Amino acid sequence: MLLLRLLQKLVRTLNSDGTPGQVAVGIAMGSALGLTPLVNLHNVLIIAAVFLLNVSLPAAMLGWILFAPIGFLFDPWFDALGGVLLADTPGLVPMWTALYNIPVVPLSNYNNTVVLGSLIGWIVLAAPIFYLARWGVGSYRTKVLPRLLDTKVFKLVRASKLYNLYQLFQTD
Amino acid sequence: MRVFRWKAVTPLVLLLGVMVIGWYFLLDSAVRRTIEVVGTDLLGAKVDLAEAHVRLADGSVVLRGLEVTNPDAPMTNLVQIDEIVAGLKLGPLLQKKIFIDTIALRGVRFGTARKTSGAIGNPNPRSGALRRLVSEWASSVPVPEFSIAGLTGAVNVAAIRPENLKTPEVALRIRTAADSVRLSWVGQLQSLDPAPVIDSARAVAQGLQGASLRSLGVQGVVRSVRSVRRTLDDVAAVRNGIEQLGQSIGEGIQTLREEVEGLERAREEDLANARNLLQIPSLEAPDISPALFGRMALARIQPLLYWAQMAERYIPPGLDPRRRPGPSRARLAGSSVEFPQERGYAPLTVAFAEIDLQLGGEGAAGGRYRVQIVDFSSAPSVHGRPMRISASRTDAGSGPDAVYLVAVLDHVTSHIRDSVNLRIAGFQLPSITLPGVGVRMDLGHGVNELTLVRSGDSLTGSWLWSSSQVSWDRGSIGSGRVNDILWRTLSALRNVEVEVQVAGNIAGPRLAVRSNVASAISRSLRRELANEIAAAEQRARDEVERLVAQPIADARASVNEVAATVQRLLTQHQERLDEVKAELEAMLRQLGR
């Protein structure tokens with residue numbers, strides 16, 4: 001039931017809810033949850049921002065779901081990147097040392113190679129993800145959705161009992 | 001369009017509230033689980049904790065029922081602690097660092113039995129690595145055998161065989177080398193054969209036989225002189241070549257002769273090996289002590305080395321960033337890098353710890369001890385003060401009269417300085433079965449004194465057991481004259497001292513063992529069995545001589561023969577060249593008249 005509602009929200013988000021910009025920001029922010037190890041302080045801030053800022057919540061969920069496998073896949077590279085930044089760049093050591101001794105900052109686990117590497121990775125990828133998602137949602141709404149609504153298969157589905165069942169769980 | 005979604009504030013705050021409350025209630029089990037997982041991972045055997053209570057409001061942590069499995073004996077606990085009460089400073093927790101003002105450990109017991117096995121299926125390959133290193137060192141330390149079998153039975157020299165001896169093999173190698181260099185040198189001498197030059201010189205000399213200024217004219221004389229000088233130069237060049245070869249041959253022969261002399265050393269080694277093969281024991285006290293107490297010394301020194309190296313690994317000096325394995329999680333663990341800073345907080349600091357230690361149940365060592373640890377820090381360079389450990393006995397019906405332990409672990413600078421001084425008087429010392437003898441020695445109550453100093457990578461120290469109440473049991477010693485002598489000697493000893501000395505590099509120090517038991521055995525056996533030992537040694541010597549004399553003589557003869565052959569050829573060549581040179585010089589003088 002919960003899954004069905006989530007699916008409905010995702011479909012509605014893609015189809016009509018919010019501007020493509022809001023959906024794209026949601027996906028970009030949700031991708032942080034997927035790309036970086038979840039239980040970390042920066043993700044608490046991301047979740048708070050997703051709730052507080054007027055961005056699409058279902059899109060953030062979609063971003064999380066889409067990017068979690070990519071995060072697992074990219075872990076070796078994140079580990080290597082974090083290792084280079086934390087351990088193999090002597091010029092950065094004074095900054096890391098200062099951060100390590102500031103209250104609360106060490107709780108962010110920034111000194112873990114995978115956390116830092118993935119966070120940097122997400123920061124670098126956030127803008128491309130945003131632009132790609134905005135373009136994708138815009139194109140989908142203007143080009144793909146009207147054609148989809150016009151297909152015989154879709155009309156058949158809308159006329160079916162399955163669709164009635166789907167509508168039964170509509171929240172509004 | 002609005003940027004903020006204000007209506008989300010309340011649910012978000014509620015969500016955070018639920019998370020905080022959940023975290024608060026789950027903190028105890030999270031701490032318990034973390035201690036179990038991290039401890040098990042580090043040790044390579046199960047670490048169990050019955051309860052953990054964390055009260056952040058008053059900064060206290062109480063752990064109950066900690067059991068740490070002995071990795072080498074999974075049904076036994078290395079240590080069991082009934083209760084640990086710690087007082088924390090809250091400020092450093094915000095920096096993810098633990099600063100314990102005071103910690104009290106009550107009911108600490110060692111070697112207690114476990115209800116279930118503490119072995120784990122797939123231990124982390126890192127865990128136990130140090131233990132393995134120390135074990136490898138221990139197995140690399142040679143401990144001689146002490147066997148009296150060679151003195152009790154007939155000496156069977158059949159055990160000494162040529163294939164067990166080094167000398168014949170070395171002698172054969174020298175002979176082969178001599179043959180090989182002889183061929184090479186003769187070949188080189190043949191390639192420097194002076195015959196063509198000599199023939200050419202003789203032809204020049206014969207051509208000018210009877211020639212004079214008058215018969216040749218001035219120009220003819222000048223041409224002839226030039227021709228003779230050229231020939232003389234050719235003769236000199238060949239002679240130089242032969243001289244150089246002679247020099248090189250001389251050096252080669254010298255090397256061969258040195259190798260022949262080295263056969264004497266091989267013969268001595270063979271003799272020592274033959275004594276081992278025949279099990280004729282060395283009766284020197286410095287050889288007997290390691291044979292009797294070497295294994296015991298190793299068994300007791302191993303844990304010290306292990307803990308000294310553990311201290312270095314987990315309490316490293318300096319302020320360099322430290323890379324440690326990251327936390328276990330579904331995602332890749334990676335590494336976590338610590339960045340210590342002077343005058344900051346170390347990841348773990350215990351300002352003052354008091355440990356109520358219980359040892360040995362009802363035995364002499366049994367009783368309660370109070371151990372105090374001051375200024376423990378996982379990053380001593382950050383903390384800035386060395387760790388000090390002291391211990392004393394607080395309660396005992398019987399057992400040690402005095403226990404005194406002071407240890408200082410100074411890892412503040414990169415030059416590590418650790419020292420341990422332990423003295424226990426009136427303590428029940430161990431019972432030992434003397435290897436190779438079979439007699440059991442019960443040291444009774446005595447003094448146990450340990451001094452260990454580490455400075456940088458070098459380690460020096462000694463461990464002394466002394467007792468004046470030693471009792472002896474025949475154990476598995478057999479009958480016979482030698483065994484009777486040993487038993488009489490040992491059973492008369494009332495005072496025993498065993499001292500193990502350690503020196504060298506921390507990774508693999510040298511051990512030396514000294515004991516008056518060995519001196520007594522040595523004196524007694526020498527006095528009573530001097531003739532038998534001398535006879536056995538003479539038989540071994542004769543047999544070795546019989547087997548090595550001929551190979552040594554053959555090798556020596558081979559080298560002498562090579563030297564003579566090449567020397568003869570060299571001399572022949574040089575003499576012929578000198579002869580023709582003299583003829584040419586006479587010709588020059590004749591032309592000049």
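Most residues other than glycine have a negative phi. A:Val104, although it is not a glycine, has a positive phi of about 75°, and in A:Asn109, likewise a residue other than glycine, phi is positive and near 60°.

Chain A comprises 172 residues, of which 34% count as buried. When the contacts in chain A with a separation of 6 or more are considered, residues 24 or more positions apart account for 84% of them.

One packing arrangement within chain A can be followed in some detail. Helix α4 (residues 57-87) of chain A packs with α6(A) at an angle of about 105°, and the axes of the two helices are 6 Å apart. Because angles of 65 to 115 degrees count as roughly perpendicular, α4(A) is described as roughly perpendicular to α6(A). From α4(A), the residues that make the contact include A:Gly71, A:Phe74, A:Phe78, A:Leu81 and A:Leu85, while those from α6(A) include A:Thr113, A:Val114, A:Leu116 and A:Ile120. Sorted by class, the contact of α4(A) with α6(A) has nine nonpolar, seven polar and two charged residues.

Chain A also touches chain B, in a contact that takes 28 residues from chain A and 25 residues from chain B. On the side of chain B that touches chain A, α1 (9-43) and β6 (335-338) of chain B each supply at least two residues, and β6(B) gives the most, with four residues. By class, this side of chain B has 11 nonpolar, seven polar and seven charged residues. For the model, the scores are ipTM 0.83 and pTM 0.64. The mean pLDDT of chain B is 85, and 93% of its residues reach 70 or more. Where pLDDT is low, the predicted coordinates should not be read in detail.

B:Val228 is buried, because 22 other C-beta atoms lie within 10 Å, whereas B:Ala236 is partly exposed, because 13 other C-beta atoms lie within 10 Å. Leaving aside residues up to four places away in sequence, B:Val228 touches B:Val204, B:Leu584, B:Met587 and B:Leu588. B:Val228 and B:Leu588 are 360 residues apart along the chain, yet their C-alpha atoms are separated by 7.0 Å. For B:Ala236 and B:Val197, which are 39 residues apart along the chain, the separation of the C-alpha atoms is 9.9 Å.

Chain B also contains an open sheet formed by three strands in the order β12-β13-β16, with antiparallel pairing. β12 (431-433) and β16 (471-473) of chain B stand at the edges, and each has a single partner strand, so one side of each is left without a neighbour in the sheet. Neighbouring strands of this sheet are turned against each other by 20° on average, direction ignored. The pairing of β12(B) with strand β13 (residues 440-442) of chain B is antiparallel and extends over three bridges, and in β13(B) it is B:Met441 that stands opposite B:Ile432.

Notes
Residues are numbered from 1 along each chain as its sequence is written. Chains are lettered from A and ligands numbered from 1 in the order in which they are written. This is a predicted model: local features need pLDDT of at least 70, side-chain atom pairs count only at pLDDT 80 or more; totals for chains, interfaces and linings use all residues. A residue is buried if 20 or more other C-beta atoms lie within 10 Å of its own, exposed if 12 or fewer, and partly exposed in between; C-beta atoms are placed from the backbone. Two residues are in contact if their C-beta atoms, placed from the backbone, lie within 7 Å. Ala, Val, Leu, Ile, Met, Phe, Trp, Tyr, Cys and Pro count as nonpolar, Asp, Glu, Lys and Arg as charged, and the others, Gly among them, as polar. Two strands pair if DSSP finds at least two bridges between them. Axes are lines fitted to C-alpha atoms, for helices over the stretch in contact, and angles run from 0 to 180 degrees between N-to-C directions. pLDDT is the predictor's confidence in each residue, from 0 to 100. Angles under 35 degrees count as roughly parallel, over 145 as roughly antiparallel, 65 to 115 as roughly perpendicular and the rest as oblique.
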